[in-house]
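Take a walk through this protein, one stop at a time.

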Amino acid sequence: MKRLSKALIATVALGSVALVSGCSAEGEPVTFDGPSASAAAGRSGGTDGTAAAEAAAKTLMPTGPKAEFTTQNTIDDGTRIGVTTLHGGKSGFTGKVWVWAPRQYFDPKYANSGFPVLIALPGGNGYPNNYWMGTDLKLQSSISRWSKEGRSLPFIVVMPVLNPDDKYYYDGSDIPGQPKMGTWMTEDVPDFVRANFRTFKSRDGWAFMGSSSGAFVGLKSVLKHPDRFKAVIASGPDIVPDSPLWAGHAAEQAANDPEKLARALGAKPSGKDTDVYLAFQAGTKESALRKARAFIRDHTKGPVKTRLQVIQDGEHNARTYVQGMEDGSIEWISRHMQAPIPTS
């Protein structure tokens with residue numbers, strides 16, 4: 001189920017070309033240190049007290065320790081995609097993480113505010129690279145443009161490796177006896193982001209997006225941890241945990257099944273602290289459209305809110321899914337998440 005289609009393989013290959021050609025700054029140190037709150041106040045002559053109080057109540061300033069990043073790519077507006085190696089303190093897994101912050105993050109008027117986080121996951125094995133860190137797919141430049149147009153929040157985009165090798169799929173889960181990829185994705189990666197960036201304390205500032213196998217991981221993570229994550233854009237998603245490594249671990253496999261998780265969550269009352277927003281996307285030329293429709297039909301109830309973006313003539317590839325985000329998915333989840341709070 002999770003094997004790459006020819007179209008997706010072509011997309012990944014294009015991403016590899018972008019990495020090779022890169023930018024002239026590739027490999028140079030890059031920092032994501034934002035403006036200080038004092039600098040914001042100094043430039044503006046003061047702050048809006050009400051907004052400052054709201055920002056202070058909702059924002060978590062970087063906790064450290066600070067990671068060292070090098071430049072992977074530079075997008076058109078001059079912002080950079082950085083990369084670092086993360087040693088997961090809770091999972092014990094070590095892997096690469098790529099990060100991009102929008103221009104708004106460096107604007108002094110947002111110095112007191114957190115920013116929403118979008119954890120972007122690739123299809124296929126997602127190892128050793130996460131293809132969303134290439135510039136050819138235009139994920140970051142599109143979010144930059146959409147945020148200026150008022151169609152998207154200015155997300156911090158975080159792109160971890162999806163699997164620990166290119167032999168198996170680990171379903172973004174803690175499969176007994178295997179690297180703890182569920183803990184890596186839902187605890188270590190968010191802890192790393194909180195250590196290095198201004199984020200929001202609540203789940204209102206945390207979402208996933210992913211394609212194919214990455215969509216499965218994002219979908220499952222939101223449904224399993226609705227107290228930590230509020231939304232997901234699940235593009236051409238796999239629905240069933242089907243790694244061969246689950247053999248002999250039926251109970252643990254069931255605990256990572258999106259349908260079972262949605263059924264359990266859907267039985268609870270809807271509310272602002274429990275509702276999750278699942279933005280499905282699929283092209284008219286791929287089989288995932290049928291699966292997404294079936295999931296929406298069977299599991300949209302209670303706290304489980306869903307939306308389907310049908311992408312005309314779309315195929316099972318990342319370019320199709322960026323188009324779907326532009327056509328409505330990114331705006332839908334943005335409406336339900338916390339925006340940065342200007343305080344000057």
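Start with a cluster of rings. F32, F69, Y105, F106, Y110, F115, F192 and F197 are linked into it by ring pairs. Keep in mind that this is a predicted model. R198 lies over the face of Y105, 4.0 Å from the ring centre.

Now widen the view. Across the whole structure, a search finds 14 aromatic pairs. One of them joins Y131 and W132. The cut-off for buried is under 20%. W132 is buried too, because its relative accessibility is 0%.

Another pair brings together Y168 and Y170. Here the centres lie 6.4 Å apart and the planes stand at 85°, so the pair is edge-to-face. Y170 is buried, with a relative accessible area of 3%.

Next, find P128. Where does P128 lie? Look in the loop between β6 and α4, the latter spanning residues 139-148. P128 counts as partly exposed because its relative accessibility is 44%. That value falls between the limits of 20% for buried and 50% for exposed. Follow the chain onward to L162, 34 residues away in sequence from P128. In space, the two C-alpha atoms are 8.5 Å apart. Which residues does P128 contact, leaving aside its neighbours within four places in sequence? They are W98 and V161.

The average pLDDT of the protein is 91, and 90% of the residues score at least 70. Strand β6, residues 117-121, has the highest mean pLDDT among the elements, at 99. Helix α1, residues 6-21, has the lowest, at 34. Over residues 1-23, the pLDDT is below 50. In the model, this stretch still has 47 contacts beyond near neighbours in sequence. Residues 37-45 form another stretch with pLDDT below 50. Beyond near neighbours in sequence, residues 37-45 have nine contacts in the model.

Methods. Residues numbered from 1 in each chain as written. Predicted model: local features only at pLDDT ≥ 70, side-chain atom pairs only at ≥ 80, totals over all residues. Heavy atoms only, no water. pLDDT = per-residue confidence, 0-100. Helix = DSSP H or I, 4+ residues; strand = E, 2+ residues; numbered from the N terminus. Contact = heavy atoms within 4.5 Å. Buried < 20%, exposed > 50% of the residue type's maximum accessible area, 1.4 Å probe, protein only. Phe/Tyr/Trp six-rings, centres within 6.5 Å; stacked < 30°, edge-to-face > 60°. Lys NZ or Arg CZ within 6 Å of the ring centre and 35° of its normal.
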